[in-house]
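Subject: Structure handover

Hello,

Here is the structure for your files. My notes on what was found in it follow below.

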Amino acid sequence: MSTITTHILDTALGKPAIGVAISLEQNSPEGWLPVSEGVTDSDGRLKDLTPEPVSPGHYRLTAEIGDYFAVAGRDALYVSAQIDFVIAEAGSHFHLPFLISPWSWSTYRGS
């Protein structure tokens, strides 16, 4: 089984993105099924996204960044940022951060 964590950094401000809603889903023969959800803390982190380990499979992690920018009155190009990924084997930790700005976003696999 594997665990997943994330955090979001607002690169335009050089600060953590606080209060961003995040959801994790797993693809199944029935379609995308919800696994967990949460909101980033004061450090822009969601440490307990998968308090219980998840099995190998096809997942997607979605951050509602448009809402985050709207709360601050900032115009943004993207409504959400989504990482579509595969966990091939059990036993790894996946730290999948988002680097966001009103006009772009990117990701990487952290540690």
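Phe-98 is buried, with a relative accessible area of 0%; buried means under 20% relative accessible area, exposed over 50%, and partly exposed in between, with a 1.4 Å probe and protein chains only. Before the rest, two remarks on the source. This is a predicted model, in which local features need pLDDT of at least 70, side-chain atom pairs count only at pLDDT 80 or more, and totals for chains, interfaces and linings use all residues. Residues are numbered from 1 along each chain as its sequence is written, and side-chain values use heavy atoms, with hydrogens and water left out.

Aromatic residues

There are 4 aromatic pairs in the structure. Rings of Phe, Tyr and Trp (for Trp, the six-membered ring) pair if their centres lie within 6.5 Å; planes under 30 degrees apart count as stacked, over 60 as edge-to-face, and the rest as tilted. Phe-98 pairs with Trp-105: the ring centres are 5.9 Å apart and the planes stand at 50°, so this pair is tilted. Trp-105 is partly exposed, at a relative accessible area of 27%. Tyr-68 and Phe-69 make an edge-to-face pair, with 5.1 Å centre to centre and 65° between the planes. Both Tyr-68 and Phe-69 are buried.

One aromatic cluster is formed by Tyr-59, Phe-85 and Phe-94. Arg-109 lies over the face of Phe-94, 3.9 Å from the ring centre (the criterion is NZ of Lys or CZ of Arg within 6 Å of the ring centre and within 35 degrees of the ring normal).

The sheet

An open sheet is formed by 4 strands in the order β4-β3-β6-β7, with antiparallel pairing. Strands (E, at least two residues) and helices (H or I, at least four) are DSSP runs numbered from the N terminus, and two strands pair if DSSP finds at least two bridges between them. The edges are β4 (31-39) and β7 (81-87); each has a single partner strand, so one side of each is left without a neighbour in the sheet.

β3 (residues 21-28) is joined to β6 (residues 57-63) by 5 bridges, and Ser-23 stands opposite Thr-62 in β6. Between β6 and β7 there are 7 bridges, and here Gly-57 stands opposite Ile-87 in β7. The covered face of β7 carries Ala-81, Ile-83, Phe-85 and Ile-87, while Gln-82, Asp-84 and Val-86 are on the uncovered one.

The core

Which residues have the most contacts inside the largest nonpolar core? They are Ile-4, Ile-8, Leu-61, Phe-85, Phe-98 and Ile-100, in a core of 23 residues. A nonpolar core is a set of buried Ala, Val, Leu, Ile, Met, Phe, Trp, Tyr and Cys residues joined through side-chain atoms within 4.5 Å. β7 gives the largest share of this core, 4 residues. Leaving aside neighbours within four places in sequence, Ile-100 is in contact (heavy atoms within 4.5 Å) with residues including Ile-8, Ala-17, Ile-65, Tyr-68, Phe-69 and Trp-105.

His-7

His-7 lies in strand β1 and is buried, with a relative accessible area of 6%. Leaving aside neighbours within four places in sequence, His-7 is in contact with Gly-44, Arg-45, His-95, Leu-96, Pro-97, Phe-98 and Tyr-108.

Regards
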